[in-house]
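Hello,

Here is the structure you will be taking over. My notes on what was found in it follow below.

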Amino acid sequence: MRVTLVTDFGTRDGYAGAIAGVIARLAPDAIVTDIAHDVPPHDIAHAAWVVRTACREFPAGTVHLVVVDPGVGGSRRGVVATYGGHWYVGPDNGVFAYLDRASAWDIDTAFPRGDARVSPTFHGRDIFAPAAARLARGDRPAGPHDKLHIGLPWGAREPRHGRVVHVDRFGNVISDLPATEVESRVAISGRTLPLRTTYADVAPGELVAYIGSASTVEVGVRDGRADTALAVTRGDAVMPA
Amino acid sequence: MRVTLVTDFGTRDGYAGAIAGVIARLAPDAIVTDIAHDVPPHDIAHAAWVVRTACREFPAGTVHLVVVDPGVGGSRRGVVATYGGHWYVGPDNGVFAYLDRASAWDIDTAFPRGDARVSPTFHGRDIFAPAAARLARGDRPAGPHDKLHIGLPWGAREPRHGRVVHVDRFGNVISDLPATEVESRVAISGRTLPLRTTYADVAPGELVAYIGSASTVEVGVRDGRADTALAVTRGDAVMPA
Amino acid sequence: MRVTLVTDFGTRDGYAGAIAGVIARLAPDAIVTDIAHDVPPHDIAHAAWVVRTACREFPAGTVHLVVVDPGVGGSRRGVVATYGGHWYVGPDNGVFAYLDRASAWDIDTAFPRGDARVSPTFHGRDIFAPAAARLARGDRPAGPHDKLHIGLPWGAREPRHGRVVHVDRFGNVISDLPATEVESRVAISGRTLPLRTTYADVAPGELVAYIGSASTVEVGVRDGRADTALAVTRGDAVMPA
């Protein structure tokens, strides 16, 4: 069975390594894959987009462990969730906000821990990783399930209204406006851009709108950064035009 | 079978994770290893050096998936190539420039895709990863093969003339001047440096020329950065002296 | 058998990938896990803390390959060590300083290399990785063993005296003062802070002292960075108060 990791732990402190170690110890046959460890610190909305777009590429049955958890040790709950044939483990703080029809279990009910040591600042190691290991071994959560509680900061989308939901490493500005709601032009940050196919359709340095790999509208700059060219921020409107 | 990944996707957006997911889905027995995901964005020459020096350390038969692809969706072709008993998959844009005797297949001919969905901006996920998975499963490319088309920006090397081809994380300045073409001194950026063995042969803060781990001339600064000390850039001359 | 990697190689140059390749070639059944590759360049004390806290989470028998090695090719010795049922391979330069009761073998004695090619600047690839592969295959070191030679720059700790030993990605300031030597308050950088449980116990922007995931005193800032708020540096005192 496979376990993937999405965290904001970076790759300098060994926190992600500690989690991989716990899984190796508790589920020795699990194959662990790093999806992303450089989610910006505490950036729940960033993690949510990574979960939405990367996790689904794995085989059904994969366990996705997501630890972007600024409220660790506080009142936010931990959950085990299932959606689209995959399992998800992490805090119910918005990182799973796009899995809107997921079934979710309180992690303490799903997998009672008994008297195991738990660091109040590292639930990733002491609560989430053991739960992911149990799922990887074939255990299934006990008790009643409900829905995830927490959504994204910019709320539910209305038809034909998109928002900037992610800015990637290359400066591409990614929206949640689906391809199916756009004809030939999009409006963003006071500009109207024709929809093209790919970066190569414009000259170097020019803005280009296209349907991105998540099947939503994106705006890039060929050989440049659209986030700075447009001066947009997450939550800003992206509309058909 | 093994598949390695060299990309400029970074470790924050999940793009490399999506590729690992596709391989897990299409070639479940493949072992996926990350070689480098922080190639500077769109830096083909950087990727080429990583491919030259790291891929060959893997066992024969390994499939190396290289996605540094600023021209994605444009006219650059995708290829499957074989060289030295290894397989390579990616864009024919210079990332394989050091594999100068490789045999190469157009990827569309090698592994016809039928009507699979292809994002014009993420061939890594939709074209290259599926091809790497097929190689990992033992499929071999069909149709005629030829040579790679695209070389490095600084062209072929003349005997006893080297160029700076890579600057690493530590600021070491790495050339393509082979150890076999140097006796005891090298000239770079207006200076002449004696050839030493390792950093410890000079005092902290001093420049040191040595034969690096790729068997070519390198220049470092003990406990410092040679790139800034020398003010060199890739393509600059490195000569025997 | 498992092999983990802790290095300061970053994820842009392929050095860590080359090491993974050597292990794949020499110990094909080994499972390789990246613990941390973005240890700050040449930062031995940083690596030592990662080794102390992350490696022990893996199953007994795991081989931990640690390559933070500014003195490569000089007089520092390479070692194979065993501690707590785990194996460690790397330079005896302080990276293993917290494994204070480890048994250590000179690597040249433990695993004589014969006439294998060795780059004087990349012992990670040519000496340490082959030794890790041999351990992963079940070989055990030959010859006499002794202790590790090199400790941390700030020396042994006195009872009820702690030092700042690590600053993590989030700006948390981590000490080596054990939870067992503190009652309810700690003194650091001219301030006295009450011991709390987790970040959520204070308001955003406030300093918070707590027992961290290594069971030592840490100081954080909720939704902020304690390293800048306290203006502390590694080696500074952290005391019960």
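**Chain C against chain A**

Between chain C and chain A, about 2500 Å² of area is buried, and carbon and sulfur atoms give 51% of that. Please keep in mind that this is a predicted model. The contact draws on 30 residues of chain C and 31 residues of chain A. Across it there are 15 residue pairs in polar contact, both residues at pLDDT 80 or more. On the chain C side, strand E2 (31-36), helix H2 (44-54), strand E7 (162-167) and strand E11 (207-211) each supply at least two of the residues that touch chain A. That side of chain C comprises 15 nonpolar, eight polar and seven charged residues.

**Salt bridges**

The count over all chains is 59 salt bridges, and four salt bridges lie between chain C and chain A. Glu57(C) takes part in a salt bridge with Arg117(A) at 3.9 Å, N to O, and in another with Arg25(A) at 3.1 Å, N to O. The latter pair runs from helix H1 (residues 15-26) of chain A, which holds Arg25(A), to the loop between H2 and strand E3 (63-67) of chain C, which holds Glu57(C). Glu57(C) counts as buried because its relative accessibility is 4%, under the 20% cut-off. Arg25(A), at 38%, counts as partly exposed.

Within chain A, Asp106(A) and Arg77(A) form a salt bridge whose closest N and O atoms are 2.6 Å apart. Asp106(A) is in strand E6 (residues 103-106) and Arg77(A) in the loop between strand E3 (63-67) and strand E4 (78-83), so the pair ties together parts 29 residues apart in sequence. Asp106(A) is partly exposed, at 32% relative accessible area, whereas Arg77(A) is buried, at 15%. Shared partners also link salt bridges into one network made of Arg25(A), Arg117(A), Arg125(A), Asp126(A) and Glu57(C).

**Asp38(B)**

Asp38(B) sits in the loop between strand E2 (31-36) and helix H2 (44-54) of chain B, and counts as buried at 17% relative accessibility. Its side chain makes polar contacts with the side chains of Arg169(A), at 3.3 Å, and Thr11(C), at 2.3 Å. Leaving aside residues up to four places away in sequence, the residues that Asp38(B) touches include Thr7(B), Gly10(B) and Arg12(C).

Regards

Definitions and conventions: Residues numbered from 1 in each chain as written. Chains lettered and ligands numbered in written order. Predicted model: local features only at pLDDT ≥ 70, side-chain atom pairs only at ≥ 80, totals over all residues. Heavy atoms only, no water. Helix = DSSP H or I, 4+ residues; strand = E, 2+ residues; numbered from the N terminus. Buried < 20%, exposed > 50% of the residue type's maximum accessible area, 1.4 Å probe, protein only. Polar contact = N/O pair within 3.5 Å; in protein donor to acceptor, adjacent residues only side chain to side chain. Contact = heavy atoms within 4.5 Å. Buried area = accessible area lost by both parts, 1.4 Å probe. Salt bridge = Lys/Arg side-chain N within 4 Å of Asp/Glu carboxyl O. Nonpolar A, V, L, I, M, F, W, Y, C, P; charged D, E, K, R; others polar.
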